Structures are given as C-alpha cells and as structure tokens.
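Here is a friendly briefing to read alongside the sequence and the model.

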Amino acid sequence: MRVSSGILLIAALVAIAATMPTPPIRFREVATQVGISFVLENNPTDRKHMIETMPGGIAVFDFDGDGRPDIYFTNGAEIPSLEKSAPKFHNRLYRNQGNMTFRDVTDEAGVAGAGYSMGAAAADYDNDGHSDLFVAGVNRNTLYRNPGNGRFEDVTTRAGIKSGDWAVAAGWFDYDRDGKLDLWVVHYAKWSPAYDRFCGDQARGIRIYCHPKYFEGLASTLYRNRGDGTFEDVSARAGIAQTAGRGMSLAFADYDNDGFPDVFVTNDNMPNFLFHNKGNGTFEEVGLLAGTALRDHGKAVASMGVEFRDYDNDGLPDAFVTALAGETYPLFRNAGKGVFFDGTYQSKLGSLSVKHSGWGLGVFDFNNDGWKDIFTANAHVNDRVELFEPAIYREKNSVFVNENGVFRDVSDQAGMTLAAAHRGAAFGDFNGDGKLDAVISSLGEKAELWENISPEPQHWLILRLRGTKSNREGIGAKIRIGKQYNEMTTATGYASSSDWGVHFGVGSTTLVKTVEIQWPGGAKQVLTDVRTDQVLQVTEP
C-alpha cells in the first residue's frame with residue numbers, strides 16, 4: 001500500500017510540474033536611453049547591389065576585461081568605391097560603462113574599420129587573456145589584435161589573413177585541438193560593383209535584388225593558427241576548398257561526440273553544408289548523409305543564420321536555421337550516431353515561423369527555466385517584396401518560448417513592437433542580472449537593444465572558462481548541468497558573435513549539485529554544490 005501511494009504521489013507531482021505555467025519572457029527596447037545611437041548604413045542604390053541587403057553583423061564581447069560585455073557593430077560603405085568615405089560608415093564599438101549605459105569608443109579603440117563590412121567574430125586567438133576581433137567584409141577582411149590597453153592593432157597583413165572575396169561571416173574554433181584558435185571564413189559569391197543584371201519587373205521599372213541563383217558561389221577558407229601570431233591557409237589540405245556554396249553563416253559543435261568540433265554552414269538557396277571533422281586535420285562534407293542539407297521536402301531554402309544548440313535537453317546539439325517567408329525556420333534534430341531528423345513541425349517551429357523571414361538568431365534560455373528559447377531578428381531580403389508576393393519586408397522580431405521541447409510564439413507578450421529591416425543579432429547579460437539581453441541591427445535605422453525584464457526571479461549560472469592546456473577561453477568545451485547540455489562557442493546566428501561564456505537557466509534551483517566540463521584539451525572536471533546567480537570563473541585542471 002505504501003509503495004502504491006508513493007508511486008501515485010510521484011505521478012501526481014510529475015503531472016503538476018507538466019501543467020505549471022512557463023515563466024514569462026519580457027523585453028523592453030532601451031538603445032537610445034542607454035547611449036547607443038548606431039545606424040546601419042547599407043547605402044542602398046537604384047542598381048540593387050546584392051551586398052546592400054546583407055550587412056549587419058554584431059559582436060558582443062568584453063574588450064577591456066572589466067567583466068561587462070561591450071558591443072561592436074559592423075557597417076557598410078560607399079558604393080561603388082567600397083570605402084568608408086564618411087564617419088557614418090564607420091564600424092562602431094560601444095563600451096559598457098555599467099548601470100546599463102554605453103559610450104562610443106570607436107576612435108580611441110582604433111576599430112572604425114575599412115571597406116564594406118559584413119560579419120564579426122570575437123575570441124582570444126593568441127591566448128593572452130584579451131578578446132580579439134575579426135571583421136569579414138566585401139573583398140576586404142580585417143584582423144584586430146587586442147593588446148589589452150584599450151586600443152586594437154590591425155594585424156591583418158602580418159598575420160597572413162587574405163582579402164579579395166566577399167566574406168559574410170567567420171568564426172573561431174580549435175579544429176585540431178592544439179590549444180590555439182583557428183579561423184573559418186564563410187564566403188558568399190563572386191561579385192564586383194560592375195555586376196549590373198536587371199532583376200524584377202522591367203516593364204514597370206521595378207528593380208529588385210537578384211535571386212541568388214545568378215551568383216556563383218565560393219568555398220570557405222580555413223586558417224590554421226601557427227601560434228606565433230600568423231595563420232596558414234589550410235583550406236585545400238583540410239578538404240574544404242573544393243566545396244563551393246553561397247555561404248551565409250556558420251556554427252560549431254561536436255555533433256557526433258567524437259571529441260572534434262564540426263562546422264555547420266548555411267547556404268543561400270543551396271543545400272546546407274555539414275563539415276564533419278575527421279580528427280586528422282581534414283573535413284568531410286556530410287550534409288546530405290546526415291540529414292541537415294535540406295528539410296524533408298527536399299527543397300533548398302534561403303538559409304541565413306544558424307545556431308548549433310541542444311534544445312530538447314537530450315545532450316545532443318541540434319541545428320536551427322532562419323530563412324524566408326514560406327520556407328519556415330528549419331530545425332534539424334540530432335538523433336545521435338551522426339544522424340539528424342527534420343524536427344521543424346514536430347517542435348511547432350514550422351507553423352510558428354512560416355510567415356516570417358529571419359536573419360539573426362539566438363538560442364538561449366531567456367526566462368531561465370532550464371529550456372533554451374529562440375529569438376530571431378526578422379525582415380525580408382527584398383525591400384520591394386510586397387509588390388510581388390504576400391510577404392512583409394519590415395518585420396517585428398520573434399520570441400519563441402521552449403516548453404519541454406515544443407515552442408510557442410510569445411513575441412507580443414515579450415514586447416516585440418518595432419518593425420524594421422532587422423539583420424544581425426547578438427546576445428549578452430549587459431546589466432549583470434543573469435537574464436540575457438539582445439542587440440539587433442537594422443538596415444538604415446538605429447540599432448535596438450532589448451533589455452530582458454522577465455518578471456519571475458528564476459535562477460541562473462554563467463561559466464567563464466580559462467583554459468590552460470586548451471585554448472584560453474575553452475572554446476569547444478562541453479558542459480552539462482543536470483539534463484542541460486551546452487558547448488562554449490562565440491559564433492552566433494547571422495554573421496555575429498557573442499563572447500562572454502556559457503549561460504544556464506536553472507529555474508528554482510539555488511545550488512547546482514554537479515557541473516561537468518569536458519575540456520577540448522581532454523581534461524574532465526566536475527564541480528559540486530555550485531551556488532547559482534553568479535558568474536563563475538573556472539580554470540582547466
């Protein structure tokens with residue numbers, strides 16, 4: 001009788017937990033009041049150059065080491081010169097001064113940039129304790145080294161980083177596990193200002209941005225970090241030089257748990273690439289075999305941003321992609337053993353996203369309940385789409401709350417009120433309250449900073465790693481807290497970067513029993529009885 005009662009009690013508790021309301025997610029837009037006035041100048045022309053609709057990458061990282069995440073915006077340039085001919089085209093760095101206020105320190109930091117910039121990737125590539133910055137752009141890339149004195153050094157040429165192709169995004173990871181971060185650069189297509197195909201309705205004189213099919217794609221570039229401040233282009237040797245696509249963004253995760261980080265690259269109206277790291281310095285493109293190249297309907301979509309995160313708490317990283325209206329935001333669920341299934345509709349994300357067009361993307365636990373939610377920066381690629389089809393150009397952002405592995409649209413309740421041509425998105429805890437905020441860029445309009453003001457006091461933990469045998473930031477480390485799983489990465493969504501550590505929401509928990517860390521250098525570490533609501537610095541044993 002006692003056993004039966006115990007079983008009934010447990011079943012009742014489980015049923016109650018399943019019906020408990022999901023903690024709400026709330027944001028408010030505060031960019032102007034906190035001192036951020038950046039405007040993304042894409043310099044649109046009547047010739048509708050494809051580059052005009054694709055900039056907007058953002059990097060969130062602590063450039064001055066004061067423990068507060070700062071914000072870097074990439075910006076466009078004059079066309080056809082592709083030069084930043086006026087201050088309005090400068091990339092901008094905003095220093096977080098605390099108390100949720102920011103100051104423009106672009107000039108003193110020396111990061112105004114050059115050329116028509118697209119993406120940003122932050123990480124400490126030289127293991128000196130200071131986050132560095134790579135800026136991808138149209139025919140021009142820049143590597144900034146951070147010496148820790150508040151001013152960056154342009155080391156592009158000295159480091160051996162090349163320009164000449166249209167790069168959209170880039171990311172840092174340690175593909176060979178030698179303790180030094182390597183750089184993967186994603187290219188879109190062959191293009192020059194001389195390109196002048198007319199696309200649209202010539203009879204009505206309506207010109208639009210051309211379909212991607214008219215552009216010849218390019219392969220990614222992999223730079224291996226030699227450890228002496230220079231990089232070696234190993235694309236051919238690594239086996240990726242022959243795989244051309246119209247690359248938009250990238251994400252890293254060890255999806256098959258073999259100890260080596262793999263790379264997901266989104267392609268515009270082409271099958272996506274999944275580069276499996278073979279562990280011997282080479283990669284194999286396995287997108288079709290693994291089930292991530294296309295959704296089940298077999299059609300390529302306009303894949304934009306990508307996140308490689310575990311949304312259903314089964315310990316396996318899943319792949320999220322933003323795309324255009326009518327295509328859904330594909331979700332590839334990791335089933336283990338190197339295989340993914342199309343989970344777009346099973347997760348309800350298909351029906352929720354089918355009318356939206358998305359670029360920036362973040363998969364983080366915004367209400368700190370232990371389940372990763374989704375924030376997307378929405379807008380169509382074509383500013384005249386409303387003249388041709390039932391789609392919307394300027395959109396509000398979306399917030400999808402995760403309820404035990406199934407998503408629900410809470411955008412209106414979350415406060416998403418501003419329609420704009422949104423592009424990049426990056427994330428960080430800007431005011432130190434443990435709730436993740438979002439910063440968004442928009443073509444021709446001021447950036448948005450969405451402060452997370454979710455009302456329920458759920459608990460959280462942020463881990464900042466310090467590698468000793470691994471790379472300094474522990475990029476590639478795998479972390480488990482209870483059923484939750486995450487990996488340390490700075491690559492975020494569309495052409496953006498979020499470099500501040502690994503965040504976990506833990507609901508009502510005030511003391512985490514165990515935190516398990518698998519370092520990329522091979523060490524395994526277990527922390528016990530960790531109090532929540534703190535930023536925990538962890539050093540590799």
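## A cis proline, a hairpin and ring contacts

Proline 80 has its place in the loop between β3 (70-73) and β4 (92-98); strands here are DSSP runs (E, at least two residues), as helices are (H or I, at least four), numbered from the N terminus. The peptide bond leading from isoleucine 79 into proline 80 is cis, with omega near 20°.

This is a predicted model, in which local features need pLDDT of at least 70 and side-chain atom pairs count only at pLDDT 80 or more, while totals for chains, interfaces and linings use all residues. Residues are numbered from 1 along each chain as its sequence is written, and side-chain values use heavy atoms, with hydrogens and water left out.

**The β39-β40 hairpin**

- Strands β39 (residues 511-518) and β40 (residues 524-531) run antiparallel and are joined by seven bridges; two strands pair if DSSP finds at least two bridges between them.
- Five residues separate the two strands of this hairpin, and glycine 522 in the turn has a positive phi of about 115°.
- Across the pairing, valine 512 stands opposite valine 530 in β40.

**Aromatic pairs**

- The whole structure holds 37 aromatic pairs, counted when ring centres of Phe, Tyr or Trp (its six-membered ring) lie within 6.5 Å; planes under 30 degrees apart are stacked, over 60 edge-to-face and the rest tilted.
- One of them is the tilted pair of tyrosine 255 and phenylalanine 340, at 5.6 Å centre to centre with 50° between the planes.
- Because tyrosine 255 lies in the loop between β18 (247-253) and β19 (262-267) and phenylalanine 340 in strand β25 (residues 339-342), the pair ties together parts that are 85 residues apart in sequence.
- Tyrosine 255 is buried at 4% relative accessibility, and phenylalanine 340 is buried with a relative accessible area of 4% (buried is under 20%, exposed over 50%, partly exposed in between; 1.4 Å probe, protein chains only).
- Ring pairs also link a cluster made up of Phe173, Tyr175, Trp184, Phe252, Phe273, Phe275 and Phe283.

**Charges over rings**

- Arginine 177 places its charged end over the ring of phenylalanine 260, 4.2 Å from the centre; the cut-offs are NZ of Lys or CZ of Arg within 6 Å of the ring centre and within 35 degrees of the ring normal.
- Arginine 204 has its charged end over the ring of phenylalanine 388, 5.5 Å from the centre.

- Aspartate 529, in strand β40, has a positive phi near 50° and is partly exposed at 46% relative accessibility.
- Aspartate 533, in the loop between β40 and β41 (534-539), has a positive phi near 60° and is partly exposed at 32%.
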